[in-house]
Amino acid sequence: MARAVAGLLLVLLVLVIARLPWIGDLGMHAATLQRLRHSPLDPGNPLVDADTPSPYYSPWMLLLGTVARLTGLSVFVVLRLAALAGLALLVTGVRRYVRTLDAHRAAPALALLALLLLWGTTPFLWSGFPGLTSLALTVSYPSTLTLGLAFHFWAWLTGALRGGAGWGTWLGLGALWAVILLCHQFSGVVASLGACATVAAARPGRAVWPRAAAGLLLGAVVLGAWPYYDFFALFGAGAGLESVHRVLYDDPAARFGLVLLGAAALVARWRRDRRDPLAPFFLLGLLVVAAGWLSGHYSWGRALPAVVIPAQLAAALEAVRAGRRGVRAARTALLAGALAVGAWAQAGTLGYAVPHGALPQAVRDGHRPPWTGYHWITPWVGYGDVVMAETGPARRIPAYGPYTVAPGYPDFFLPDEERRTAVTREYFAAGTPQGVRRDIEREYGVRWVLDRTGALDGAGLRAVARGPEGQVLYEVP
């Protein structure tokens, strides 16, 4: 039964991949592929016309950009291929890691269901959080592939600790750890916490430590040698990230309430086996998240999957644990009920795979419509053209090849980010003189302006196209 339900959910995710709904950071990743496709050795900033590094230029995105360059496929087709690869790696990684924890045949399928459904009564959408709705909208992102790599990493590490692996295995683990961190830094933190818990629970002998240290050293060398951005400079990214991540701490009961079932299962597992890696994994994640809340470093909340994932796995594994028939049936019924609640809470995900009108009203109410794209501007706006646009459009326009004046996302490596944001705000202000607008256009090489409010009507610009929601594309004279 668990396998059948898990299979249906995977089919749903594949159907979502075929449609590739646009919400969140899809434009950022498409823009990254655009730059790597056109200039793999020196791509520059993915969003604005500036020669700066970017943490989005990861090994995985470089591979995808190379695929787009060699095959001529559009970046959106390549993102669909990336989604399929990431989903496959996640499913196989979960299966492989769960096998190191429990040999029951139903354990991997139940674990996958728990990861997808055992969250809360309000869907939570964020990359690196593998709830069904969140995964449906981020499956093409590097975070999905990275999380899949993390599960494989934990499984490989567990085998190395149990089997007395040699130097080559530990060096391979170190290199994989570095790749995980480079591909998605926040999921890399989760992977690192899981690795620390695995090592602590295994209590390895002295022979392991020199090999583990060699693996860590190699990983650090790989991180330092990556040429597309300075990984260690990210430790200085502070204030710009905290306000964005404050929302991670809002309404935890609605978003993560069902995870309490897993927390109870963790206590039971810890009492039976003090070498269980899931309990220290949970505690390490909880410490990081709590420290972020207390210190105001809200970006540390991105470690929440390190709290949720071990609890979800524990809930699934407790349901298949041997015991008296009545107790086992009660555990199974409790998990099934929680999964059913989680499935209903995320039923709106169906709207990304089937026509919205075909859904029952109750399901439609929980569906968040995707954004509209900006393909309609491409007959006029060419690759590398600079478009003046506000934040919303600026998150999508670079996906088609153009740049914007201000980035649609915080950019730690862009030194004039604040000025770019300020001049964009000034440009669209109702009382800004036309002379000031012309100066801004010249300073940033603006060729096109995207207006959503009608404020620029009669501002000396030539309208060339009209798009959805009353948007107008203007050409700068």
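A salt bridge is a side-chain nitrogen of Lys or Arg within 4 Å of a carboxyl oxygen of Asp or Glu. The legends below describe a predicted model, in which local features need pLDDT of at least 70 and side-chain atom pairs count only at pLDDT 80 or more, while totals for chains, interfaces and linings use all residues. Residues are numbered from 1 along each chain as its sequence is written, and side-chain values use heavy atoms, with hydrogens and water left out.

**View 1. The salt bridge of arginine 420 and aspartate 416.** The closest N and O atoms of this pair are 3.1 Å apart. Arginine 420 counts as buried because its relative accessibility is 7%; buried means under 20% relative accessible area, exposed over 50%, and partly exposed in between (1.4 Å probe, protein chains only). Aspartate 416, at 27% relative accessibility, counts as partly exposed. By the rule stated at the outset, the count comes to 11 salt bridges.

**View 2. The salt bridge between arginine 447 and aspartate 385.** Here the side chains meet at 3.3 Å, N to O. The pair links distant parts of the chain, 62 residues apart: arginine 447 belongs to strand β3 (residues 446-451), and aspartate 385 to the loop between α17 (361-365) and β1 (386-388). Helices (H or I, at least four residues) and strands (E, at least two) are DSSP runs, numbered from the N terminus. Arginine 447 is partly exposed at 44% relative accessibility, whereas aspartate 385 is buried at 10%.

**View 3. Glutamate 475 and arginine 462 joined by a salt bridge.** The side chains meet at 2.3 Å, N to O.

**View 4. A salt-bridge network of Arg272, Glu318 and Arg321.** These three residues are linked in a network of salt bridges.

**View 5. Leucine 473 in the largest nonpolar core.** A nonpolar core is a set of buried Ala, Val, Leu, Ile, Met, Phe, Trp, Tyr and Cys residues joined through side-chain atoms within 4.5 Å. Of the 131 residues in this core, Phe76, Phe151, Trp154, Trp170, Leu313 and Leu473 touch the most other members. Helix α4 (residues 75-101) supplies the largest share, 12 residues. Not counting residues up to four places away in sequence, the contacts (heavy atoms within 4.5 Å) of leucine 473 include Trp376, Trp380, Trp448 and Arg462.
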